[in-house]
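Please look through the sequence and the model shown below before reading on.

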Amino acid sequence: MIKDRVAGAPISWGVCEVPGWGHQLAPARVLAEMRDLGLAATEFGPDGFLPAGAAERAALLAGYGLRAVGGFAPVVLHDPDRDPLPDVRRILSGFGVERSNDRLTLVLAAVTGLDGYDERPELDAAGWSALLGNLDRIGAAAAEAGVRAVLHPHVGTMLERSDEVRRVLDGSGIPLCLDTGHLLIGGTDPGELAARAPGRIAHVHLKDVDASLAEAVRAGAAPYTDAVRDGIYRPLGAGDIDIAGIIGSLEGAGYDGWYVLEQDMIIDAEPAPGAGPLADVRACVDFLAGIAA
């Protein structure tokens, strides 16, 4: 049953680390709506969303009946003169592994060092060497801390396009976060990747996507942030990705990790009670319930 492995993410409620992203909802509302939707767990969200102390954070989540999945970690990995391990170890220290019965995941994004996800530089040979080496170093450091590290190919980061995903698969041992939406926008067929390399997938972010808006972002005709605001991400089953096929492929290959409902969202103001992002996440939950049935 996948129901017990379906988690939420604060970004589905518009809570994001990017400055100026949009109105940021309070944790109490987001966590209560996750609970009321029957989600089993949540990712942590950006710094400052949940308490920094592991014990306080665990108590808060438990109060809403939610388990911890782990968290998204935007880290610069490609700079040969910058060691990312101190930042990663700081993030890991807040996971509270010793207090958790859950298998926690560090979801790495190889960010550019710029704010937001609308532009990125090209990697040179030295940058690629640093990035691939850092992925394996971070994977080992996370494992020592009792956490599994995965790499999240993500629009507007140093690892976005299909050729870059292939280079990571060939040049490092780190497993992937299969984010169905970001992969499609970057030019990777998430269904083909799930079927071809299921053993490299250790975490899943489920999104459905408007393919025409995805093509506009990929072609440089629309900034990513504008596309998010315009609704590039659709509730599961309402876009152009075969979500059911991807889940079937992964389950058939023995995948036993989380399916995180992670539909990037921008909201401009506090929604009325029962309104706002809640409706889209409920549609996603209902879609997955239909698959399970």
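Which residues of the largest nonpolar core touch the most other members? In this predicted model, the largest nonpolar core holds 98 residues, and the two that touch the most other members are L106 and L261. Helix α4, which runs over residues 125-144, gives the most to this core, with seven residues. When residues up to four places away in sequence are left out of the count, L106 touches G71, A73, V88, I91, L92, F95, I138, V147, R148, A149 and V150. As a general background, nonpolar side chains tend to be buried together in soluble globular proteins.

Just after α1 comes G38, which takes a positive phi of about 85 degrees.

How many disulfides does the model contain? The count comes to zero disulfides, and the distance between sulfurs explains the result: a disulfide needs two cysteine sulfur atoms within 2.5 Å, whereas the sulfur of C16 is 15 Å from the closest cysteine sulfur, in C177, and is therefore too far for a bond.

| Cysteine | Relative accessible area | Burial |
|---|---|---|
| C16 | 10% | buried |
| C177 | 1% | buried |

The last topic is the largest pocket. About 700 Å³ of space lies in the largest pocket, and of the 37 residues that line this pocket, those closest to its centre are G45, P46, D47, F72 and P74. The elements that give two or more residues to the lining are β3 (67-75) and α3 (85-93), and β3 gives the most, with five residues. Which classes of residue make up the lining of the largest pocket? Sorted by class, the lining has 20 nonpolar, seven polar and 10 charged residues.

Methods: Residues are numbered from 1 along each chain as its sequence is written. This is a predicted model: local features need pLDDT of at least 70, side-chain atom pairs count only at pLDDT 80 or more; totals for chains, interfaces and linings use all residues. Side-chain values use heavy atoms; hydrogens and water are left out. Buried means under 20% relative accessible area, exposed over 50%, partly exposed in between (1.4 Å probe, protein chains only). Helices (H or I, at least four residues) and strands (E, at least two) are DSSP runs, numbered from the N terminus. On a 1 Å grid over the protein atoms alone, a cavity is a set of points where a 1.4 Å probe fits but cannot get out, and a pocket is an open set with protein on both sides within 12 Å along at least five of seven lines; lining residues have an atom within 4 Å of a point. Grid points are joined across faces, edges and corners, and a volume is the space filled by probe spheres set on the points. Ala, Val, Leu, Ile, Met, Phe, Trp, Tyr, Cys and Pro count as nonpolar, Asp, Glu, Lys and Arg as charged, and the others, Gly among them, as polar. A nonpolar core is a set of buried Ala, Val, Leu, Ile, Met, Phe, Trp, Tyr and Cys residues joined through side-chain atoms within 4.5 Å. Contact means heavy atoms within 4.5 Å.
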